[in-house]
Amino acid sequence: MAVDRDRVAALVRELLEAIGEDPDRPGLKLTPGRVADAYTEFFAGVGEDAAAPLAHTISVTRGPAPETLPSGAVMVRDIRFRSICEHHLLPFRGHAHIAYLPGEQVVGLGALPKVVDILSSRPQVQERLGEQIADAIAGSLDTRGVLVVLDATHECVTMRGGRQSDASTVTIAARGELAEPAARAELIVLLGSRE
């Protein structure tokens, strides 16, 4: 479902009036259209299939490098993401770290950031975002386990309320073999190493 740009612009105009502003003053005249454009981008993932980027897989045993069968996890670290908190409609942003234990099929590494982008481009809470990423990967790929770690800064924490400018939130979602704390311990250590 595409964002109704005209309706968003009209509602932003109404919001400006509701907070006591004049939406026709020079500094705000173009704001409703700008916000509508931003919301079109921010919420582009609404209604999109997050599993679509995972549809094209590569056979491990019959693929381009059958002599290099993975024995451990495949991990992509530091996937930048941004989303909008559904509680306050304020942004949160951070890094996603994804690992999976491949079975017979692997996916191109560029597919994992696409899954993150689709799911983060909708009103979200961080806890659900990590779970949805893990579910999309576990449900679409032949995996023995999936681990998703999200580390994000929320503007609802940094800009309002307690105003904790340095606070970040870390969430973990795990499936299969990586749901066991001992099995994911090595991967958690790898997230912190930058050698």
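**View 1. Thr158 in helix α5 of the predicted model**. With a relative accessibility of 15%, Thr158 counts as buried, because burial is assigned under 20%. This residue of the predicted model belongs to helix α5, which covers residues 155-158. A polar contact of 3.0 Å links the side chain of Thr158 to that of Glu155, and, when neighbours within four places in sequence are set aside, Thr158 is in contact with Thr153, Arg163, Gln164 and Ser165.

**View 2. Helix α6 and its buried face**. The 12 residues of helix α6 (residues 181-192) should span 16 Å at 1.5 Å a residue, and this agrees with the 16 Å that separates the end C-alpha atoms. Arg184, Leu187 and Leu191 are the buried residues of α6; seen down the helix axis, they fall within an arc of 60°, so they line one face of the helix. The face turned away from this buried side carries Ala182, Glu186, Val189 and Gly192, which are exposed. What covers the buried residues of α6 includes the strands β2 (74-85), β3 (91-102), β6 (143-154) and β7 (169-176).

**View 3. Strand β2 and its pairing with β3 and β5**. Strands β2 and β3 are antiparallel and pair over 9 bridges, with Val74 standing opposite Tyr100 in β3. The two strands, β2 and β3, form a hairpin that leaves 5 residues between them, and in the turn Leu89 has a positive phi of about 55°. Strand β2 is also joined by 2 bridges to β5 (residues 123-124), and these two strands run parallel; here Pro123 in β5 is the bridge partner of Ile84.

Note on methods
Residues numbered from 1 in each chain as written. Predicted model: local features only at pLDDT ≥ 70, side-chain atom pairs only at ≥ 80, totals over all residues. Heavy atoms only, no water. Helix = DSSP H or I, 4+ residues; strand = E, 2+ residues; numbered from the N terminus. Expected span 1.5 Å × (residues − 1). Buried < 20%, exposed > 50% of the residue type's maximum accessible area, 1.4 Å probe, protein only. Arc of directions from axis to C-beta. Contact = heavy atoms within 4.5 Å. Polar contact = N/O pair within 3.5 Å; in protein donor to acceptor, adjacent residues only side chain to side chain. Pairing = 2+ DSSP bridges.
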